[in-house]
Amino acid sequence: MAESRVDDELWNEFHRVVNMSSRELSDWLRTRSAGPDTEALPDQAGTPTGQQVLAILRKRRTDMDEHDAQVMRSVVDRVHAERREDLEPTQGQANWRRRLMSLGHDPLKSA
């Protein structure tokens, strides 16, 4: 059995701050990429980081590599930089919420 490159602390914290399911994130990324005249292909919708988070959510822990671990650390750091430590549901500004949701964190949902 292959050993995961993601330790327990990172795995648990990533899944705490990424409080959207893969389906919710996928739907959100497609919605964000839809414009009045064009729409991105479903597998290309959203930001590159959003797509990476979506790919991580769809993987088993044993399939994670070092790049996945780096993305996970980055997302955890970015969410913590924008939120209080307790991650209690917060309304906030619309742009702020959309930015966090593109990382898989909905600030209106409990973590």
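1. Helix α3 crosses helix α4 in a left-handed manner; a crossing is called left-handed if the near helix is turned anticlockwise from the far one by less than a right angle, and right-handed if clockwise. The angle between α3 and α4 is about 115 degrees, and their axes are 10 Å apart. Axes here are lines fitted to C-alpha atoms, for helices over the stretch in contact, with angles running from 0 to 180 degrees between N-to-C directions. On the α3 side the contact is made by T49, Q52, V53 and I56, and on the α4 side by H67, D68, V71, M72, V75 and R78. Contact means heavy atoms within 4.5 Å. By type, the residues of this contact are five nonpolar, three polar and two charged. Ala, Val, Leu, Ile, Met, Phe, Trp, Tyr, Cys and Pro count as nonpolar, Asp, Glu, Lys and Arg as charged, and the others, Gly among them, as polar.

2. The model is predicted: local features need pLDDT of at least 70, side-chain atom pairs count only at pLDDT 80 or more, and totals for chains, interfaces and linings use all residues. Residues are numbered from 1 along each chain as its sequence is written, and side-chain values use heavy atoms, with hydrogens and water left out.

3. The protein chain has five helices and zero strands, in the order α-α-α-α-α from the N terminus. Helices (H or I, at least four residues) and strands (E, at least two) are DSSP runs, numbered from the N terminus. Of the contacts with a separation of 6 or more, 63% are between residues 24 or more positions apart.

4. Helix α1 (residues 8-17) also packs on α4 (residues 66-82), at an angle of about 50 degrees and with axes 9 Å apart. That angle makes α1 oblique to α4: under 35 degrees counts as roughly parallel, over 145 as roughly antiparallel, 65 to 115 as roughly perpendicular and the rest as oblique. The crossing of α1 and α4 is left-handed. L10, W11, E13, F14, R16 and V17 of α1 meet A69, M72, R73, V75, V76, V79 and H80 of α4. Nine of the residues in this contact are nonpolar, one is polar and three are charged.

5. Which residues touch the most other members of the largest nonpolar core? They are V6, F14, M72, V75 and V79, in a core of 25 residues. A nonpolar core is a set of buried Ala, Val, Leu, Ile, Met, Phe, Trp, Tyr and Cys residues joined through side-chain atoms within 4.5 Å. Two or more residues come from each of α1, α2 (22-33), α3 (48-57), α4 and α5 (94-101), and α4 gives the most, with six. Beyond four places in sequence, V79 touches V17, L87, L100, L103 and H105.

6. Buried residues make up 35% of the 111 residues in the protein chain. Buried means under 20% relative accessible area, exposed over 50%, and partly exposed in between (1.4 Å probe, protein chains only).

7. R73, in α4, is partly exposed at 36% relative accessible area. R73 touches L10 and E66, leaving out residues up to four places away in sequence. The C-alpha atoms of R73 and W11 are 9.4 Å apart, across 62 residues of sequence. E82, in α4, is partly exposed at 32%.
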